[in-house]
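I opened my notebook and wrote down what I wanted to look up. Here are my entries, in the order I made them.

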Amino acid sequence: MADVQPYETVGLDRSGGTEPFAWERAHRLLAERPERVAAVSFFLGTVGPGGIPHAAGVGALWDDGDLYFTSGPGTRKSRNLAVNPACTLAVRLAGLDVTLSGTARRVTDPEVLERIAAAYGELGWPARAAGDAITAPFSAPSAGPGPWHLYRFVFHTAVGLGVEGPEGATRWRFDR
């Protein structure tokens with residue numbers, strides 16, 4: 001796993017009651033792989049034509065310092081990303097809500113497709129690389145039929161909100 005480290009850590013607790021969280025707290029939770037893909041729900045926020053926002057759940061996983069997710073080529077999220085790769089991923093982790101801002105770009109490299117498909121397979125989704133996409137015998141009902149595009153999400157900003165002790169909020173910025 002790549003060592004992704006912030007260049008800036010800022011506490012967002014306006015009352016001054018809590019110290020900023022160490023990035024390692026969020027990093028460890030993001031990098032932990034659940035026992036199955038659906039164990040953690042990520043929500044992807046994209047922007048469509050005319051600035052209309054769109055949010056959708058995705059099955060994301062951490063690999064080598066970035067998050068990856070799949071999307072059907074005809075879905076609103078894929079169409080939005082084709083025009084504007086800027087997006088967010090939000091997730092509730094154990095005791096910490098994390099929202100990441102960055103860009104998502106389609107991955108077509110066969111080695112990366114194979115690696116990520118194998119990682120999904122380890123989590124119970126029997127995915128495999130097929131050409132320049134990912135395929136499997138089933139997916140989320142809203143995904144439509146495969147094959148699905150694979151996206152690499154590279155974040156530049158993350159905000160963590162402690163929902164269980166310690167509480168507070170922190171923003172991390174990355175030079176990526």
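Which residues is His54 in contact with, leaving aside its neighbours within four places in sequence? I found Leu44, Gly45, Thr46, Arg76, Lys77 and Asn80, where contact means heavy atoms within 4.5 Å.

**Ground rules.** I noted that this is a predicted model, where local features need pLDDT of at least 70, side-chain atom pairs count only at pLDDT 80 or more, and totals for chains, interfaces and linings use all residues. Residues are numbered from 1 along each chain as its sequence is written, and side-chain values use heavy atoms, with hydrogens and water left out.

**More on His54.** I placed His54 in strand E3, residues 53-58. Helices (H or I, at least four residues) and strands (E, at least two) are DSSP runs, numbered from the N terminus. His54 is partly exposed, with a relative accessible area of 26%. For that word I use these limits: buried is under 20% relative accessible area, exposed is over 50%, and partly exposed is in between (1.4 Å probe, protein chains only). I also looked up Lys77, which is 23 residues from His54 along the chain, and their C-alpha atoms are separated by 7.3 Å.

**The whole thing.** I counted up the elements and got 3 helices and 11 strands. From the N terminus on, they run β-α-β-β-β-β-α-β-β-α-β-β-β-β. The radius of gyration is 16 Å, close to the 16 Å from the globule rule for 176 residues, so the protein is as compact as a globular protein of that length. (The radius is taken over C-alpha atoms, and the rule is 2.2 Å times the number of residues to the power 0.38.) Along its principal axes, the C-alpha trace spans about 50 × 40 × 30 Å. I saw that 44% of the 176 residues are buried. Of the contacts with a separation of 6 or more, 63% are between residues 24 or more positions apart.

**Helix H1.** The buried ones are Trp23, Arg25, Ala26, His27, Leu29, Leu30 and Ala31. What covers them includes strands E2 (42-47), E4 (61-63), E6 (86-93) and E7 (96-107), plus E10 and E11.

**Aromatic rings.** How many aromatic pairs does a search of the whole structure find? I got 9. Rings of Phe, Tyr and Trp (its six-membered ring) pair if their centres lie within 6.5 Å; planes under 30 degrees apart count as stacked, over 60 as edge-to-face and the rest as tilted. Phe69 and Tyr151 have ring centres 5.3 Å apart and planes at 15 degrees, so this pair is stacked. Phe69 lies in strand E5 (residues 66-71) and Tyr151 in strand E10 (residues 149-162), so the pair ties together parts that are 82 residues apart in sequence. Both Phe69 and Tyr151 are buried.

Next I looked at Phe155 and Phe174, an edge-to-face pair at 5.1 Å centre to centre with 90 degrees between the planes. Phe155 lies in E10 and Phe174 in the segment after strand E11 (168-173), so this pair ties together parts that are 19 residues apart in sequence. Phe155 and Phe174 are buried too. They also belong to one aromatic cluster with Trp23, Trp62, Phe153 and Trp172.

**Ile116.** Which residues does Ile116 touch, not counting those up to four places away in sequence? I listed Leu61, Asp63, Tyr68 and Leu150. Ile116 is found in helix H3, residues 110-122, and at 0% relative accessibility it counts as buried. Arg128 is 12 residues from Ile116 along the chain, with 8.5 Å between their C-alpha atoms.

I looked at the peptide bond from Gly146 to Pro147, and it is cis, with omega near 5 degrees. Pro147 lies in the loop between strand E9 (133-135) and E10. Asp64 has a positive phi of about 55 degrees although it is not a glycine. I found Asp64 in the loop between E4 and E5, partly exposed at a relative accessible area of 45%.
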